[in-house]
Amino acid sequence: MSHRNARLTVHGRRILIERVLSGRPVAHVAAEMGISRATGHKWVARWRAEGDAGLADRPSRPHTTPHRTPAAVEARVCELRRTRKLGPARIGPILGLPAS
């Protein structure tokens, strides 16, 4: 589901692809649809690489979080917040973590 201010929905992206496939330049089609040339090229490239599946919305969540806090430390933070009602400035020194 596109966000409410998105210029292109999945349907709009299909229209972009159809117009480009008909022989029109990506820059001209992008201008007509109110998007940048770079965005137009991005959707065309995704469609060429993945077909119609490439036109779907993707989550913005990263695939991996290599520096994520270990689960045991995260559980301890949650426990301190629940039981002792401490905030980050007090929990950080107890566990040897930054307040952030």
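What share of the 100 residues of the protein counts as buried? The share is 21%, where buried means under 20% relative accessible area with a 1.4 Å probe, protein chains only.

This is a predicted model, in which local features need pLDDT of at least 70 and side-chain atom pairs count only at pLDDT 80 or more, while totals for chains, interfaces and linings use all residues. Residues are numbered from 1 along each chain as its sequence is written, and side-chain values use heavy atoms, without hydrogens and water.

**View 1. The overall fold holds 5 helices and 0 strands.** Helices are DSSP runs of H or I, at least four residues, and strands are E runs of at least two, numbered from the N terminus. The order from the N terminus is α-α-α-α-α. The radius of gyration, taken over C-alpha atoms, is 23 Å, well over the 13 Å of the globule rule for 100 residues, so the protein is more spread out than a compact globule. That rule is 2.2 Å times the number of residues to the power 0.38. The C-alpha trace spans about 65 × 25 × 20 Å along its principal axes.

**View 2. The largest nonpolar core has 12 residues.** Such a core is a set of buried Ala, Val, Leu, Ile, Met, Phe, Trp, Tyr and Cys residues joined through side-chain atoms within 4.5 Å. Helix 1 (10-21), helix 2 (26-33) and helix 3 (37-50) each supply at least two of its residues. Helix 2 gives the largest share, 4 residues.

**View 3. Trp43 belongs to this core.** Leaving out residues up to four places away in sequence, Trp43 touches Leu8, Arg13, Leu16, Ile17, Gly54, Leu55 and Ala56. Contact means heavy atoms within 4.5 Å.

Note on methods: Buried means under 20% relative accessible area, exposed over 50%, partly exposed in between (1.4 Å probe, protein chains only).
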